[in-house]
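Reader: Hello! Could you walk me through this structure, one question at a time?

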Amino acid sequence: MDYFDRLGASLQDAWSERGRLEEHFPDAAVEVLQRMPPAEALDRESLLDHLLDPRRPTSMQLAPQGAFGQPGFTVHHGHGFSIEVYHWLESLSAIHNHPFCGAFTILHGHSVHARYEVGPMSARGGRAYRTTVRLSALELVRPGDVVPFSLERHPLVHALVHVPRSSISMVVRTSRTEGYFRYLPPGIALPMEGAGEPRDRQLALLESLAATGDPRLSVRLQAMLEHADFELAMRLLSAHWPGSAPQPRAELLATVRARFGEDADAMQVVLDRALRLQEATSVREGLADPALRLVATALGYAELRSQVLGLLEAAGLEPVETLHRFVDEAGLYDEGEEASAIIAHVLVEGGGAPQALERLRTVYEATAIEGHEAEVEEYCRASIFAVLGEDQPSRK
C-alpha cells in the first residue's frame with residue numbers, strides 16, 4: 001500500500017524542514033497527517049487486506065508480538081522515525097507518558113482519551129516517585145483527530161481506551177526512547193519497564209503462588225516487603241492488593257508503614273483508587289455493546305460526575321438513560337444482589353448514601369435494612385458508580 005510510503009516521504013521532508021529536531025517532529029507529523037488524512041485514504045477492509053497479504057514484504061517490527069495491540073504492525077521505517085498501525089480488541093488501561101515524540105490518530109472506531117496533569121516528581125526509592133496525578137480532560141477521539149506528544153513541547157500523560165471491538169489506531173513516532181513512566185492516581189509514578197532481574201522473576205513466582213493458594217504467601221510477601229525499596233513495595237502491593245481480603249491488606253500495610261512512614265498512606269490511596277479502574281476494565285472487557293463499553297470506560301477514569309455525563313453526551317447518547325441501561329444490562333449483579341443494583345440506580349440519578357437507604361426502605365422492610373447502613377455507605381463510596389453520587393472529586 002503506497003500510502004504509507006508517501007506518508008513517510010512527506011514526514012521526512014517536513015521534519016527536515018524543521019532541522020530534524022526531535023521536539024519538532026510532532027509538528028511535522030500533525031502537518032502531514034492533516035494534509036494526508038489517513039482515515040480518508042485508508043478504509044478498514046483494504047487496510048486489513050494489506051496487513052494480511054502473504055506477499056507483502058516484511059520489515060523489522062518494533063513492538064514484540066503481544067506487547068502492544070492485538071496485534072500491532074510497523075508499516076514504515078523512516079530515518080529516525082516509524083509509522084505503526086495497531087489493531088485493538090482491548091486497550092491497555094495504564095496511564096502513561098511517551099518516551100519518544102510523535103502523534104497518534106484513529107483510523108477506525110473511536111476512543112476515550114483521558115488526559116492528566118502531573119506535578120513535580122519527588123524520588124522515593126528505587127525508581128519510584130511521589131507526585132500529583134489529576135485528570136484534566138475526558139474526551140472522545142474520532143477518526144481524523146490528531147494528537148501530538150513529546151517530552152517537552154507537547155507533554156502528554158494519558159490513557160487511550162479504544163471502545164468498539166475492533167478499533168484501529170496509528171502512531172507516527174521517533175525511534176529514541178527516554179523516561180517511560182506509568183502514573184497511578186492520585187500520586188505515584190513507576191517506570192513502565194519491570195523491576196529487573198532477579199526481582200521480576202521473584203514477583204512472577206509470588207503471583208503464581210497467589211494463584212494456587214499457597215498457604216505461606218502472606219509470610220513470603222511480608223519477608224520481601226521488609227527488605228523492599230519504595231518501588232518494589234509498590235509493585236508487590238499492586239499485584240496482590242486486589243486479591244487480598246481486608247485483614248491481609250491491613251497486615252501488609254502495617255509492614256509498609258513501619259518501613260516508609262507516611263508514604264504508606266499515599267500507597268494505600270493509590271491502591272484503593274486502582275481498584276475502581278481494575279473493576280471497570282474487567283467489566284468493559286466482558287461487554288460487546290459499544291455504548292456499554294463506553295460507560296465502563298468513563299466510570300473507570302472519571303473523577304467527576306460531569307465528566308461521565310459529558311463524555312456520553314459527546315458520543316450522542318442520553319447520559320442518565322444510558323447509565324441506567326448499563327446498570328441493568330452490563331451483567332454486574334448475580335441473583336440476590338438486587339439491593340446493589342438499586343443503590344447503583346440511585347447513584348446514577350445523582351443521589352448518595354442517604355437517598356440509597358431511603359430507596360431501599362421503600363423496596364424492603366425497614367427492619368431488613370437495619371444493620372446494613374455501613375455496607376450501603378461503602379458501596380456508595382467505593383463501587384465503580386461512586387463518582388456519580390456527587391460532582392466532587394472521587395475519594396478513590
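Author: Gladly, and let me start with a term: a polar contact is a pair of N or O atoms within 3.5 Å, where one must be able to donate a hydrogen and the other to accept it. Please keep in mind that this is a predicted model.

Reader: Which backbone oxygen does the side chain of Arg259 reach at 3.1 Å?
Author: Arg259 lies in helix H8, residues 246–260. Its contacts away from its own stretch of sequence are with Leu225, Glu226, His227 and Ala228. Within that group, the backbone oxygen reached by the Arg259 side chain at 3.1 Å is that of Glu226.

Reader: And how far is the backbone oxygen of Ala228 from a polar atom of the Arg259 side chain?
Author: Ala228 is also one of the residues that Arg259 touches. Between the backbone oxygen of Ala228 and a polar atom of the Arg259 side chain, the distance is 2.5 Å.

Reader: Is Arg259 buried, partly exposed or exposed?
Author: Buried means under 20% relative accessible area and exposed means over 50%. Arg259 has a relative accessible area of 41%, so it counts as partly exposed.

Reader: Let's turn to His113. With which side chain does the side chain of His113 make a polar contact of 2.8 Å?
Author: His113 sits in strand E5, residues 111–118. With 0% relative accessibility, His113 is buried. Its contacts include Phe104, Leu138, Val147 and His158. The polar contact of 2.8 Å links the His113 side chain to that of His158.

Reader: Why is strand E4 described as largely enclosed, and how many of its residues are buried?
Author: Strand E4 covers residues 102–108. It is largely enclosed by the rest of the structure because the buried count, out of 7 residues, is 6.

Reader: Which residue in E11 is the bridge partner of Ala103?
Author: E4 runs antiparallel to strand E9, residues 146–149, with 4 bridges between them, and Thr105 stands opposite Val146 there. E4 also runs antiparallel to strand E11, residues 167–174, to which 6 bridges join it. In E11, the partner of Ala103 is Val172.

Reader: How wide is the arc within which the buried residues of H4 fall?
Author: Helix H4 spans residues 44–52, and its buried residues are Leu47, Leu48, His50 and Leu51. Seen down the helix axis, these line one face, because they fall within an arc of 160 degrees.

Reader: Which residues of H4 are exposed on the other side?
Author: The buried residues of H4 pack against helix H1, strands E1 and E2, E4 and E11. On the other side of H4, the exposed residues are Asp49 and Leu52.

Reader: Which residue caps the N-terminal end of H4?
Author: The cap is made by a side-chain oxygen that lies 3.1 Å from the backbone nitrogen of Glu45. The residue that supplies this oxygen is Asp43.

Reader: How many residues does the largest nonpolar core have?
Author: Leu299, Tyr301, Val308, Phe326 and Phe385 have the most contacts inside this core. Apart from it lies another core of 28 residues, including Phe4, Met36, Val85 and Leu107. The largest nonpolar core has 54 residues.

Key
Residues are numbered from 1 along each chain as its sequence is written. This is a predicted model: local features need pLDDT of at least 70, side-chain atom pairs count only at pLDDT 80 or more; totals for chains, interfaces and linings use all residues. Side-chain values use heavy atoms; hydrogens and water are left out. Helices (H or I, at least four residues) and strands (E, at least two) are DSSP runs, numbered from the N terminus. Buried means under 20% relative accessible area, exposed over 50%, partly exposed in between (1.4 Å probe, protein chains only). Contact means heavy atoms within 4.5 Å. Two strands pair if DSSP finds at least two bridges between them. The arc is that of the directions from the helix axis to the C-beta atoms. A nonpolar core is a set of buried Ala, Val, Leu, Ile, Met, Phe, Trp, Tyr and Cys residues joined through side-chain atoms within 4.5 Å. Lists of a residue's contacts leave out its neighbours within four places in sequence.
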